[in-house]
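Welcome! Here is a short tour of one protein model, written for someone just starting out. Have a look at the sequence and the 3D view before reading on.

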Amino acid sequence: MREEFDPADYSVVVKLRGTPPKPWRWEIYCAGRWGPVESSPVFFKSMAEAVKAGKKALAHLLAKRAA
């Protein structure tokens, strides 16, 4: 049985996971799942940088899943 794809189920979360000077990392979560679907391969200097990159990664992931 195939799951219905709903883009609203996906979200980006930015977390403080590393050590300075680059402690920030984005993670993409899907409702109903325990852990992240995807996480950033690198750490970022600021929360704003991580949010920007995370939103870009989420858009890419949603485009891939919708196809």
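Helices (at least four residues) and strands (at least two) are DSSP runs, numbered from the N terminus. Keep in mind that this is a predicted model. We will visit a loop, then the core, then a pair of rings.

**A serine in a loop**
- Ser-40 sits in the loop that links strand 3 (38-39) with helix 1.
- Ser-40 has a relative accessible area of 1%, so this residue counts as buried, the cut-off being under 20%.
- A polar atom of the Ser-40 side chain lies 2.9 Å from the backbone oxygen of Val-42.
- Setting aside neighbours within four places in sequence, Ser-40 is in contact with Arg-25 and Trp-26.

**The nonpolar core**
- The largest nonpolar core has 12 residues, among them Tyr-10, Trp-24, Trp-26 and Leu-62.
- Strand 1 (10-16), strand 2 (24-30) and helix 1 (47-66) each supply at least two residues of this core.
- Which element gives the most to this core? Helix 1 does, with 5 residues.
- In soluble globular proteins, nonpolar side chains tend to be buried together.
- Trp-24, a member of this core, touches residues including Val-14, Phe-44, Met-47 and Ala-50, not counting residues up to four places away in sequence.

**A pair of rings**
- The model has 1 aromatic pair.
- Phe-5 and Tyr-10 form this pair, with ring centres 5.8 Å apart and 40° between the planes, which makes it tilted.
- Phe-5 is partly exposed at 27% relative accessibility, whereas Tyr-10 is buried at 12%.

Key
Residues are numbered from 1 along each chain as its sequence is written. This is a predicted model: local features need pLDDT of at least 70, side-chain atom pairs count only at pLDDT 80 or more; totals for chains, interfaces and linings use all residues. Side-chain values use heavy atoms; hydrogens and water are left out. Rings of Phe, Tyr and Trp (its six-membered ring) pair if their centres lie within 6.5 Å; planes under 30 degrees apart count as stacked, over 60 as edge-to-face and the rest as tilted. Buried means under 20% relative accessible area, exposed over 50%, partly exposed in between (1.4 Å probe, protein chains only). A nonpolar core is a set of buried Ala, Val, Leu, Ile, Met, Phe, Trp, Tyr and Cys residues joined through side-chain atoms within 4.5 Å. Contact means heavy atoms within 4.5 Å. A polar contact is a pair of N or O atoms within 3.5 Å; within protein, one must be able to donate a hydrogen and the other to accept it, and residues adjacent in sequence count only if both atoms are side-chain atoms.
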